[in-house]
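Hi,

Here is the structure I promised to pass on. My notes on it follow below.

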Amino acid sequence: LPSPSGLTHESHKKDVEQVYLRCSEGSIEWMYPTGALIVNLRPNTSPASYKHLTVCIKPFKDSAGANIYLEKTGELKLLVRDGDRSPSKVYCFGYDQGGLFIEATPQQDISRKITGFQYELMSKGMASDLHTVSAPCRPCSDTEVLLAVCTSDFVIRGSIQDVTNEAEEQESVIHVGVNKLYRQKSKVFQLTGESGNWRGRIKTLLECGVKPGDGDFLFTGRMHFGEARLGCAPRFKDFQRMYKEAKDKGLNPCEIGPD
């Protein structure tokens, strides 16, 4: 978590500092921004794979004091304007489209400003899954479901306990009761209370109109900026059918106990 501070070079307001980030995900805070900051993403992967990477950034809710640009060979393209308060907005670009150039805006009182954001590097295919422009609420095909079981960050059998809508963020939160945990990348689903029941929260777009319903579902999806994002979610009985049909034909991309 790099935390450079503009106060260390208060007398050099035109200074440009450079930060090198080796991790595939993390966050950066620039305290009391003055001058400019160049953020160099250098993941510990082969340079040949860079062209297949997408970079996504999610500004902190209270981020202020600087504009964030995409920079390539001296040309700047504004990504996030200082003061933009779009909640939960994520900005993505190809790794080969350039790097991040953060320029402090003139301030009367810089001590009150902190510019910060989370970032993630992912394969372009994964990024397109998370930011599908066309038909984001379309039900998955049988093939897509079976592939999601193999490639998702989390795969669970569960029921919808409740759905809460966050109008400002244009998202719905699905409160899930877990009956069987097949896989999870991080501890989003945990044991709660004395009853020993597993619970968790999955986010999806408000426009998808998710409602509480009876019965079990197979929930799949990816972790994105520390949150579980919904992917394919067929009714569990439908998943059992498609899994058996694929298994009988020897077409399952991977094995999972669907019972």
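**What I found**

Asn44 is exposed, at a relative accessible area of 64% (exposed is over 50%, buried under 20%, partly exposed in between, with a 1.4 Å probe and protein chains only). Asn44 sits in the loop between β3 (36-41) and β4 (53-59); strands are DSSP runs of E, at least two residues, numbered from the N terminus. Its C-alpha atom is 8.0 Å from that of Ser24, 20 residues away along the chain.

Before you go further: this is a predicted model, where local features need pLDDT of at least 70 and side-chain atom pairs count only at pLDDT 80 or more, while totals for chains, interfaces and linings use all residues. Residues are numbered from 1 along each chain as its sequence is written, and side-chain values use heavy atoms, leaving out hydrogens and water.

Now the sheet. Five strands make an open, mixed sheet in the order β1-β3-β8-β5-β6, where two strands pair if DSSP finds at least two bridges between them. β1 (16-21) and β6 (75-80) are at the edges with a single partner strand each, so one side of each has no neighbour in the sheet. Inside that order, β5 (residues 66-72) and β8 (residues 99-104) pair in the antiparallel sense over six bridges, and Ile68 stands opposite Ile102 in β8.

Cheers

Technical notes:
Helices (H or I, at least four residues) and strands (E, at least two) are DSSP runs, numbered from the N terminus.
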